[in-house]
Amino acid sequence: MADKYGSTLLCAPVIAKTAEEMAGEMSTARSQGADVAELRIDHLTVFEPRRDLELLIKNRPLPVLVTYRPNWEGGQYEGDDRKRFEALLFAMELGAEYVDVELKVAQEFFDFISGKRPEGTKIIISSHNYQFTPSSEDLGSLVASIQAVGADIVKIATFAVDICDVARMFQVIVHCQVPMIGLCMGERGVISRILCPKFGGYLTFGTLAWGKESAPGQPTMSDLVDVYRIKHIGADTKVYGLIGKPLGQSKSPRLHNAVFKELGLNAVYVPFLTDNLADFLNTYSSPDFAGFSNTMPHKKTAVTLCHEVDPVAKSIGAVNTIIKRPIDGKLVGYNTDYVGAISAIEDGIRGLVGHKDAVSPLAGRLFVVIGAGGAGRALAFGAKYKGARVVIANRTYERAKELAKSVGGQALRLAELENFHAEEGAVLANATSVGMYPNIHDTPLPSKQALSSYTLVFDAIYNPKVTRLMREAGECGVALVSGVEMFLRQAMGQFELFTSSSAPSDLMREIALKIT
């Protein structure tokens, strides 16, 4: 559907206090890859329509959309509508490619410009709902109302309470008979802004920099162009992504999209901020949504929702990769966490002892896991499969006991770990989020004395690359394995499941080291 009305345009909202600043930001928008600049003149501290619009429009470096948004529709303007209409008409006379008028006053605006409407300007009639996204039926009625008033382009922006709301917006765009801008605001609506070319959206917005958004949830222009390659997304683009909550610190979109780009694959990898996994999988059941990485807090739930689960993932009780099987659309669950983490730790030990036997260097070793969540389970089962003796330390002792029992290991309260003296050759693996950005000064084990009794320390966190736990272990002379290695190796496993082809390991390593 993306070529229904031509390629989706990329629009940069230009928000500034003076017209001169706004003119400068238009040039920035062009240099960042924008097709259109939205002039949010309601944000100008002092607005002199004739002087300012001439300055902005006469020498514009790219096409412009002029928006003079009133406060009752989420903007800054507080005066009467006639002054707004006069300014918008003057913008049209100066040759502005687009003006935006709210549905509530659209008929009044058309009456105002009757008989004096300049040719060449397309009128966008817009409706904004900052509370929720209406039903499909109500969205369809809203489109009909906007079309009936005479819009050249329909614009509907709603707030996504849940990521499933976005699917209704996509459906409405696909069936709209005139060009349509359909976007869902907020964190859960981000995919509406990235994937709109796939469904035929006329235009999407990208902010010039964080803090300059004209609506909640707008990605930056640089992310849209460079990370998600929005100008290459079309109707036949395969969609992959990361399911979880929260997702803010994940590097997965940067890694997978960079690999797709280098290999020339028609695919995109996006963030799916998901509250309810079952609802998400039911809603995005189309074959175009081909595969998902799956992270906290949905790893255990995914085991029960997939039609088939790989035996290892089933025994771990956690799925971090979901594939939609092409032949029948069935969901198949896998776990690449345990392979990624355990292989990285094994290589770390081999580097220390020169162990090259077929038998795992973990065989017979004491392997202490901090955490009993999805990552903790993957590490515990992975270590057990390799013949290690497993100890689980967790803040909630009952969860530690439950996991320890399932791997035939020992359970500890997290506080007990400070006085737990590991034997020679022992491995400590942190599978919690303690120490992750922004809480970089935290550590699950503050005792350096306790750390010094381990031969190797692994931390599943990769942001920051060197956590406090790793830094302090290194100061004790302990060998280290970074979470970057687990991140990279589990992503390689996911790439192979996504594409049914071998992962380009050297390329993925190069990219992972750049972005982490």
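This is a predicted model: local features need pLDDT of at least 70, side-chain atom pairs count only at pLDDT 80 or more; totals for chains, interfaces and linings use all residues.
Now let's walk through some of the pairings. If strand pairing is new to you, here is the background: strands of a sheet pair through backbone hydrogen bonds, either parallel or antiparallel. Strand S11, residues 289–294, pairs with S13 in the antiparallel sense over three bridges, and Gly291 stands opposite Ile323 in S13. On to S14, residues 331–334: four bridges join this strand to S13, and the two run antiparallel. Here, Thr321 stands opposite Tyr334 in S14. The hairpin of S13 and S14 has six residues between the strands, and in that hairpin Gly329 takes a positive phi near 75°. Finally, S12 and S14 pair in the parallel sense over two bridges, with Val332 in S14 as the bridge partner of Glu308.

Before we leave this sheet, are the residues of S13 buried or exposed? Strand S13, residues 321–324, is covered on both faces. Thr321 and Ile323 on one side are buried, and so are Ile322 and Lys324 on the other.

Let's turn to the other sheet I'd like to show you. This is an open sheet of eight strands with parallel pairing, and the order is S7-S6-S5-S4-S3-S2-S1-S8. Strand S7, residues 180–185, and strand S8, residues 203–205, stand at the edges with a single partner strand each, so one side of each has no neighbour in the sheet. From one strand to the next, the twist averages 25°.

Inside that order, have a look at strand S4, residues 98–102, and strand S5, residues 122–129, which pair in the parallel sense over five bridges. Glu102 has Ser126 in S5 as its bridge partner. Helix H4, residues 106–113, lies across S4 and S5, and runs at about 160° to S5.

While we're at S7, follow the chain into the loop between S7 and helix H7, residues 190–194, and you'll find Gly189. Why does Gly189 count as buried? Buried means under 20% relative accessible area, and Gly189 is buried because its value is 0%. Not counting residues up to four places away in sequence, Gly189 touches Ala160, Val166 and Cys184. Gly189 and Gly217 are 28 residues apart in sequence, and their C-alpha atoms are 6.8 Å apart in space.

Next, a pair of helices. Helix H2, residues 49–58, and helix H3, residues 81–93, pack at an angle of about 35°, with their axes 10 Å apart. H2 passes H3 in a right-handed crossing. From H2, the contact is made by Pro49, Arg50, Leu53, Glu54 and Ile57, and from H3 by Ala87, Phe90 and Ala91. By class, that gives six nonpolar residues, no polar ones and two charged ones.

Ile57 comes up again in the largest nonpolar core, which has 93 residues. Those with the most contacts inside this core are Leu39, Ile41, Ile57, Val66, Leu195 and Phe272. H3 gives the most to the core, with seven residues. And what does Leu195 touch, leaving aside its neighbours within four places in sequence? Leu195 is in contact with Phe170, Val239, Val268, Val270 and Phe289. There is also a second, separate core of 35 residues, including Tyr338, Val390, Ala404 and Leu456.

One last stop: Ile511, in helix H20, residues 505–515. Ile511 counts as buried because its relative accessibility is 9%. Leaving aside neighbours within four places in sequence, Ile511 is in contact with Arg254, Leu255, Ala258 and Val259. Ile511 and Gln177 are 334 residues apart in sequence and 42 Å apart in space, C-alpha to C-alpha.

Definitions and conventions
Residues are numbered from 1 along each chain as its sequence is written. Side-chain values use heavy atoms; hydrogens and water are left out. Axes are lines fitted to C-alpha atoms, for helices over the stretch in contact, and angles run from 0 to 180 degrees between N-to-C directions. A crossing is left-handed if the near helix is turned anticlockwise from the far one by less than a right angle, and right-handed if clockwise. Contact means heavy atoms within 4.5 Å. Ala, Val, Leu, Ile, Met, Phe, Trp, Tyr, Cys and Pro count as nonpolar, Asp, Glu, Lys and Arg as charged, and the others, Gly among them, as polar. Two strands pair if DSSP finds at least two bridges between them. A nonpolar core is a set of buried Ala, Val, Leu, Ile, Met, Phe, Trp, Tyr and Cys residues joined through side-chain atoms within 4.5 Å. Buried means under 20% relative accessible area, exposed over 50%, partly exposed in between (1.4 Å probe, protein chains only).
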